[in-house]
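Take them one step at a time, and check each step in your viewer.

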Amino acid sequence: MAGALDGVRVLDLSRGTAGPMTGMMLADQGADVVRIAPPGGDGFEDLPGYAVWNRGKRRLTMDLKDAATRDSLIEMARDADVLLESYRPGVTTRLGIDYETIAAVNRRLVYASITGYGRSTPDADRPGIEWLVTARSGMQWDQRSYYGTRMEHIMGIDATESSFPVPPGVEQTGNREGPIFLAVPWASIGAVLVASAGISAALYVRERTGLGQLFETSLVQSAILQNAMGWQRVERMHPSYRLWYFDRRAPKGIFETGDGRWLHQWAPFEHEFIRRNAALAATGSDEVVNVTGRPQMGSGSGYEAQVEFQVDQFAETAAAIATLPRDEWVRRFAIAGRAAQPILSPEAGLLDKPLEREGVIIEVDDPVFGRIRQAGHTYRLEAIEQTTIRPRSIVDETAADVLAGWRRQLPEPRATTSAAMPAAPLDGIVVLDFGIAIAGPFGPQVLADLGATVIKVTSLDFPLTDAIYVGSSHGKQAIALDLKHPRGLEIAQRLIASADVVHHNMRTGVAERLGIGYEQAKVLNETVIYCHTRGFEQDGPRTSLPGNDQMGNALAGTQYEAGGTYHGSAPIWHTVAMGDTGNGILSVSAVVQALLHRQRTGAGQFVHTSILNTCMLFNTYTFAYPDGSGPDRQRIDAQQYGFSAVRRLYATETDWLCVYLRNDGDWDRLCSAIATTSPSATPLAETERFATAAARSDNDAALAAELERIFAADTAAQWFAALDALDVPCEIASSSFARELFDDPQMHERGWVIRNEHEHLGSVDQVGMPFSFSASPKMNLAGSPVTGQHSRSILAGLGYTDDDIVELIACGAVGDQQANTAV
């Protein structure tokens, strides 16, 4: 096989970001993806991302409004394995290419649909435009953050002002008040990761049953999923529950170094290390003084005291960082084995040599732009040869040629069915989750959502009560083991021997030292799928260093992009940046595709990815030339209002409005709405400097100033009503979406949010399902466990007697909720 999806035939009818990027993920794994483009293009052809997202695909131009052309598409669908579409709900029905129509001619086909807000929801007809979805779903306000955690904001108990002074420059969630326009298309990226995993899971089901089905996800489900660790509502606050670093006052670890460049140091802050090494460097020494013990966290107890401590320490630490150039700090932190990485632009990130050696960055000859660098393979299945990624094609083929080729290459016929349809795609699969923090547990969380039985293995004293573990553990079983105890290791080995998947994110070499590395696991279970998610490259200068979301996003360019740092402003770490969560979901695609391969061959294997690999996937909206320069593209302004005067946030008399115009028609309708709502405003349609798209671009600052004055004259609700009535793409930037989320009965009915009881937190509302399957629809609606909650039942399932279990608990090999040894 060349790629895990070799032989899979895909019709890609999508446009924009989420669909084409999903098609790219399938093509990268060997699928034969045929892009169906409308005559004249789909309106996104000028995006630099299209040079990346359409790589490896063949191209057909088809007018699906023409009956004969539509019939040709349906004929192709007879021999396809996957159809991918991102139309607004109802469009495929009008075109005659909806799921029911296609399934009638091909019961084996997986039909994947990515919408803005899902089908049959109150918001189904809202514009599924990335930046309008993030406005409506509250993500732009969440980036600016609150005085308190997001959970307190949801419960309505966050403060309106700080209880202590916060010096200028300490807050690092945005450069002004109000919601922050998110430069990176996070909702679309999340949908891509979910769709890739979901399509792979549906193909796995088909491999067992011979039947396809409808898979659905949406941008708003992605937005909800990304906030799994923040969008929660609990009855009781446990002392370990609150996450101080999401508070708007808490510094995020972004520092300007002595040479005017930017560094991200996390997690969280190495105040003493930084100051002592700055002082030593001032004497002329290049030696590194390491500091033993944990990073300095302050002696005060409680959430507010911790935030205040970090605020008080920031200025002195920032001054120390400013005494040395960035490269010198990177060197010192690396020698000490501590976390700090340079903040690079997306184009500079694509010059990374260690990633290039591992195929995570590649060069291709694009038919329009010539030789360009872009993100390549971001995960690897060791038992399957990787594909050679080909540049996009801009030459049309014909439907007849595609069909003829497919029919020449039809695989050996398989039985139409070989097993009953499972209740959920991964029903019957057992996963061992040895992960820590977010990147490790989040992949198994999504595997649980897909129906797997996930056993969460923790140490005896590991708290499963903070928001991170609540948000990444629902539906899991929990066992507490001391892996350094011989009998604890023996239990882990027995679990491995009967598991389908082992998953962890320990630093390279740690699992091997504990006795649960891949080679050790393979001896116990030769068909096991073993997934390791790292911080950085598999074998390179950063492999042994601490890796996390912040480090990956610093190196890949998203922080530089988020802050509009091209203009000289400070970088921003997006608090919904998907380095950790995205790495987890990406690992699910690798695991499920490895299960698909095992279903066909009987072979287990080692699969792996990293946070940095995942973050490189995020910047596929652009590319770099070999000299490090990049293409012309839209970039956010220094104050994070948006991309341009017609694609940005505006303050109104009350609240904020986000507009996102796509073409001249949207401009004409905007002018009409303004003329009707505010007759005394400048007649923009008659103003020569705004008469054409080119003129508006040349006079963008002047247009933004005019629109600022116009929108400030009325409320956001008034402007929304006026613009929406004329189909001008806009949304009010919501600060209450998450607060209202858990009281919406439809959200609970769809399983997008769930409510359960937790021993320490009481009633817990949290994020639920990010996708749905028509034929294997069972949802993971269970809550999150506490440490050791299922230790006894899991041990009993392994054959241990009651007396054995009592002895294991007594000797310290096992922690148990009932014995109160693990809480």
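Two strands pair if DSSP finds at least two bridges between them. Helices (H or I, at least four residues) and strands (E, at least two) are DSSP runs, numbered from the N terminus. This is a predicted model, where local features need pLDDT of at least 70, side-chain atom pairs count only at pLDDT 80 or more, and totals for chains, interfaces and linings use all residues. Residues are numbered from 1 along each chain as its sequence is written, and side-chain values use heavy atoms, with hydrogens and water left out.

**Exercise 1.** Find the strands that pair with β6, and describe how its side chains are placed.

*Step 1.* Strand β5 (residues 110-115) runs parallel to β6, joined by five bridges; here Thr-115 has Ser-218 as its bridge partner.

*Step 2.* With strand β26 (residues 772-773), β6 pairs in the antiparallel sense over two bridges, and Glu-216 stands opposite Ser-772.

**Exercise 2.** Work out how helices α11 and α12 are oriented to each other.

*Step 1.* The axes (lines fitted to C-alpha atoms over the stretch in contact) of α11 (residues 271-282) and α12 (residues 303-321) come within 9 Å and cross at roughly 25°, on a scale from 0 to 180 degrees between N-to-C directions.

*Step 2.* Angles under 35 degrees count as roughly parallel, and α11 and α12 are therefore roughly parallel to each other.

Definitions and conventions: Angles under 35 degrees count as roughly parallel, over 145 as roughly antiparallel, 65 to 115 as roughly perpendicular and the rest as oblique. Buried means under 20% relative accessible area, exposed over 50%, partly exposed in between (1.4 Å probe, protein chains only).
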